[in-house]
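Dear colleague,

Here is the structure I said I would pass on. My notes on one part of it follow below.

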Amino acid sequence: MYEKLLREAGLKITAPRLKILAVLHHPQKRHWGAESIHQVLQEQGEEVGVATVYRVLTQFEMCGIVQKHFFENDVSVFELSSQEHHDHLVCVECGKVEEFIDEVIEQHQTKIAARFKFKMLDHRLVMYGVCEACLK
């Protein structure tokens with residue numbers, strides 16, 4: 001599976017790329033900082049340096065495998081690219097990121113673009129606040 005993804009992106013199949021893709025495909029977490037990926041690899045006993053993680057993530061971004069986001073404190077996080085557009089909620093206390101899709105918001109943005117005779121090519125909506133756990 002990962003090999004095919006790398007081949008389609010025009011990248012060589014290397015152990016570090018495969019290991020980083022495996023971390024990015026974690027079922028419970030979709031947004032990863034490079035340092036977090038490095039930490040997981042270290043905990044798994046993998047010998048992948050932090051510079052390699054940054055370099056591979058940059059390559060993945062350039063090839064469209066991942067999307068890079070700057071949510072808070074100028075710290076970048078990466079998520080696997082998907083065909084389905086979604087927006088984000090970010091907790092300013094703990095950094096938790098939730099994804100959501102809202103058709104009403106999408107329709108409203110399209111109407112606003114049309115009203116200003118603006119051809120929208122892409123957009124990102126990030127809402128900052130405090131999650132339920134941090135409010136307690």
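**Notes on helix 5**

Helix 5 takes in residues 103-115, 13 residues in total, and spans 18 Å from its first C-alpha to its last, close to the 18 Å expected at 1.5 Å a residue. Please bear in mind that this is a predicted model.

Three residues of helix 5 are buried: Glu 106, Gln 109 and Ala 113. They line one face of the helix, because their directions fall within an arc of 60 degrees when seen down the axis of helix 5. Strand 3 (87-91) is among the elements that cover these buried residues. On the other side of helix 5, the exposed residues are Val 104, Lys 111, Ala 114 and Arg 115.

With neighbours within four places in sequence left aside, Gln 109 is in contact with Met 120 and His 123.

The two ends of the helix each have one point to record. At the start of helix 5, Asp 102 places a side-chain oxygen within 2.9 Å of the backbone nitrogen of Val 104. After helix 5 comes Lys 117, which has a positive phi, near 50 degrees.

Regards

Note on methods
Residues are numbered from 1 along each chain as its sequence is written. This is a predicted model: local features need pLDDT of at least 70, side-chain atom pairs count only at pLDDT 80 or more; totals for chains, interfaces and linings use all residues. Side-chain values use heavy atoms; hydrogens and water are left out. Helices (H or I, at least four residues) and strands (E, at least two) are DSSP runs, numbered from the N terminus. The expected span of a helix is 1.5 Å times one less than its number of residues. Buried means under 20% relative accessible area, exposed over 50%, partly exposed in between (1.4 Å probe, protein chains only). The arc is that of the directions from the helix axis to the C-beta atoms. Contact means heavy atoms within 4.5 Å. A polar contact is a pair of N or O atoms within 3.5 Å; within protein, one must be able to donate a hydrogen and the other to accept it, and residues adjacent in sequence count only if both atoms are side-chain atoms.
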